[in-house]
Amino acid sequence: ERRDDFLWFNPDNIVVVGVDTDGKGNALHEPDRAKMKLDEGMVLNILKNGVLQPITVRKNGNKPDGMANVEAVMGSQRVLHTREANRRLRAEGSDKIILIPAMRKTGEDKKLFGFRVAENQLRRDNTPMAAARLLDRYINEMGGSEEDAAIDFGVSLPTIKNMLELLSLHADCQQAIEDGMPISVIKH
């Protein structure tokens with residue numbers, strides 16, 4: 001039994017503006033994000049772990065059948081990737097459906113669009129060295145395999161091996177990477 005403050009949705013019941021609609025006239029439409037290709041690592045992660053971060057939705061009128069028209073405000077990519085994960089489950093003959101946790105937001109279009117932009121623009125990834133240290137901890141302290149790490153980190157197995165190699169570099173090289181020098185420039 002789930003005990004939380006989220007609404008749970010089948011991703012097929014959430015409208016992704018610009019994918020499920022033409023997006024014209026809708027403040028949530030971001031043409032560039034609507035055209036993004038699916039990330040295989042994210043699909044595999046959702047298949048393994050489900051959707052870890054709730055999305056934000058709004059009700060925008062009703063559908064012709066009288067049901068609420070629920071639009072993704074933040075988390076459209078999570079919706080699209082979960083749809084693909086569910087498509088793969090159905091193709092395997094599974095009855096399982098991965099649901100998406102969501103919070104409802106109300107407000108003016110400008111405010112909701114601002115939330116959407118902020119979520120995508122203010123996100124900061126780990127540095128390559130920080131990611132390598134997390135990976136080392138995942139494998140050596142937590143007992144995870146490189147294969148599981150590839151799924152949890154959302155990268156390929158060769159990338160996992162390359163990330164681990166960063167930890168064997170000279171301290172000066174590691175510091176250069178930490179300081180933002182492109183990895184391709186560093187010679188060891």
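The following legends describe close-up views of a predicted model.

**View 1. Overall composition of the protein.** The predicted model contains 8 helices and 4 strands. Read from the N terminus, the elements follow the order β-α-α-β-β-α-β-α-α-α-α-α. The C-alpha trace extends over about 65 × 40 × 30 Å along its principal axes. Of the 188 residues in the protein, 36% are buried. Among contacts with a separation of 6 or more, 64% are made by residues 24 or more positions apart. The accessible surface amounts to about 11900 Å², and carbon and sulfur atoms contribute 51% of this surface.

**View 2. Pairing of strand β4 with β1 and β2.** Strand β4 (residues 100-104) runs antiparallel to strand β1 (residues 7-9), and 3 bridges join the two. Within this pairing, Trp8 has Pro101 of β4 as its bridge partner. Strand β2 (residues 55-62) runs parallel to β4, and 3 bridges join this pair. Here Val57 stands opposite Arg104 in β4.

View 3. The side chain of Arg58 forms a salt bridge with Glu71, with 2.8 Å between the closest N and O atoms. Because Arg58 belongs to strand β2 and Glu71 to strand β3, this pair ties together parts that are 13 residues apart in sequence. Both partners are buried: the relative accessible area is 8% for Arg58 and 3% for Glu71. Arg58 also meets the side chain of Asp109 in a salt bridge, at 2.8 Å from N to O. Asp109 lies in helix α4 and Arg58 in strand β2, so this pair ties together parts that are 51 residues apart in sequence. Asp109 is partly exposed, with a relative accessible area of 37%.

**View 4. Further salt bridges.** The structure holds 12 salt bridges. One group of residues, Glu40, Glu84, Arg87 and Arg88, is linked in a network of such bridges. Elsewhere, Arg137 and Glu141 form a salt bridge in which the closest N and O atoms are 3.3 Å apart. Glu141 is exposed, with a relative accessible area of 59%, whereas Arg137 is partly exposed at 42%.

**View 5. Buried and exposed sides of helix α7.** In helix α7 (residues 157-166), the buried residues include Ile160, Met163 and Leu166. These residues lie on the same side of α7, because they cover an arc of only 110 degrees around the axis. On the other side of α7, the exposed residues include Pro158, Asn162 and Glu165. The buried residues of α7 pack against three helices, namely α5 (128-140), α6 (146-153) and α8 (171-178).

Methods
Residues numbered from 1 in each chain as written. Predicted model: local features only at pLDDT ≥ 70, side-chain atom pairs only at ≥ 80, totals over all residues. Heavy atoms only, no water. Pairing = 2+ DSSP bridges. Salt bridge = Lys/Arg side-chain N within 4 Å of Asp/Glu carboxyl O. Buried < 20%, exposed > 50% of the residue type's maximum accessible area, 1.4 Å probe, protein only. Contact = heavy atoms within 4.5 Å. Areas by Shrake-Rupley, 256 points an atom, 1.4 Å probe, with all protein chains shown as cover. Arc of directions from axis to C-beta.
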